[in-house]
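I'm new to this one and would like to get my bearings. Could we go through it together, one question at a time?

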Amino acid sequence: MKELFTIDTHDYNPDGRVHVRPSARAIIEKNGRFLVMHSRKYDYYKFPGGGIEAGETPEQALIREVREESGYFVKPETIEEFGRVLRRNRDAKDPDAIFEQQNYYYFCEIGDERVPITQEDYEIEEGFEAVWVECLFALVRANRHALRSGGDPALIEREMRMFDLADEAARKRNFEREETQAIKALSERKKDDTDGIVPDYADMLAFVGETLEPVQTEGEGGVGAHKLEFGYSRFEHTKRVLGWARRLYDRTPDKTGLRYEDLMIATIFHDVGRAVSAVSGGDHAAEGAPITRKYLLSHGYPEDRTEYICGLVADHSCKWRMTDPDIDRTLLMLMEADLLDDMGVLGLVMDSMIVRGRKKNATFYDCYNHYCRYTLPMQKHSPMVTPEGRFFWDEKTEIVERFVELLHRDITI
Ligand SMILES: [Fe+2]
Ligand SMILES: [Fe+2]
């Protein structure tokens, strides 16, 4: 298990006996809230869990401790390692000895069933109660206040740091879970029925992610290189464009001439050529077509369909073709989706990062100046052709205009 940190108070006799008492602790989230233990006596919080007894695995101890302390049952199949924390301090019960504790933390889920709690003497003495909290990060502050409350400071500090780490990790897990579900949902939509192949979007994304790896995060560009001045990820862009392609498709009432599956596939591959063009300096759209072709043919896609998808990839940069009344509708949707990314509130955040990338001591005025010169004019000049594209673009324009307007007021006397 990954080591997260160590708390060593160095207040013990280094030659003293070592008392080892490993423990297992649970990070439990349900319906957006977290289950934690609150000490009424010292007003601090900790994750449910406790000592691992002889003959027990950490997972068994976790299930038993959560049940004893909170009455809830951990679902064994949901237990996932998070990390461990080593704690070393003078043993309160044996002052000449060292108390050494490996604390194993796990993410897990619980069922709805609840049984009466059974508390140990010290738990009753500290007035422990199981409570649900909205935000783990708020408990960092709560425990900091409780550090001098008379409770065990090493324990309160350990849990304080764990609330910080677990808060971040839980949000990331939820974000990644949402993403996985969204990718799954892409394949559950209407099928084109062109042939018997079921596209594996997750595999395609993994392939594109790996191919783009060296250029995924760019940050080496010089002044004037725009988004290359911070950690802009091509792969993250690809996934966002996929979201926009899906939204555009869903919003379009007349789907004549729209090839949903080919749109999804072309979107996933549209910028894969960056892996080559970043080195060769060539046209990334043209470079993307052979990579896409190779993947699709090796995955059993027929030649004509492969050529169509590769055409979408190769042509996606020719944005001047958007106003051509005869443009392929699927290609147009890919282009609009591509252009919708990096705009709106995301554009404001991106441009703020760019301002900071160019100037170390950037001020609010510098940001305002940048928005007026670049962000706002780009946003106001809509390249959208379809009503659906215009709908999303206008929504973004509205918020950017209002943002700049209010920022101007905020920085003016
Ligand atoms: Fe592109
Ligand atoms: Fe793109």
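This is a predicted model: local features need pLDDT of at least 70, side-chain atom pairs count only at pLDDT 80 or more; totals for chains, interfaces and linings use all residues.

Residues are numbered from 1 along each chain as its sequence is written, while chains are lettered from A and ligands numbered from 1 in the order in which they are written.

User: How far apart do the C-alpha centres of domain 1 and domain 2 lie?

Analyst: The domain assignment gives domain 1 as 3–171 and domain 2 as 193–410; such bounds come from an automatic or database assignment. Between their C-alpha centres, the distance is 45 Å.

User: At which residue does helix H13 bend?

Analyst: Helices here are DSSP runs (H or I, at least four residues), numbered from the N terminus. A bend is the angle between axes fitted to the seven residues ending at a residue and the seven starting there. H13 covers residues 364–380, and its bend of about 45 degrees falls at Tyr371.

User: Is His299 buried, exposed or partly exposed?

Analyst: His299 sits in the loop between H9 (284–298) and H10 (303–315). Leu348 is 49 residues away along the chain, and the two C-alpha atoms are 40 Å apart. Because His299 has 14 C-beta neighbours inside 10 Å, the label is partly exposed.

User: Which residues is Thr211 in contact with, leaving aside its neighbours within four places in sequence?

Analyst: Thr211 belongs to helix H5, residues 201–216. It has 20 C-beta neighbours inside 10 Å, so Thr211 counts as buried. Two residues are in contact if their C-beta atoms, placed from the backbone, lie within 7 Å. For Thr211, with those sequence neighbours left out, that gives Val272, Ala275 and Ile291.

User: How far is Thr211 from Leu406 in space, C-alpha to C-alpha?

Analyst: Along the sequence, Thr211 and Leu406 are 195 residues apart. In space, C-alpha to C-alpha, the separation is 42 Å.

Key
Helices (H or I, at least four residues) and strands (E, at least two) are DSSP runs, numbered from the N terminus. A residue is buried if 20 or more other C-beta atoms lie within 10 Å of its own, exposed if 12 or fewer, and partly exposed in between; C-beta atoms are placed from the backbone.
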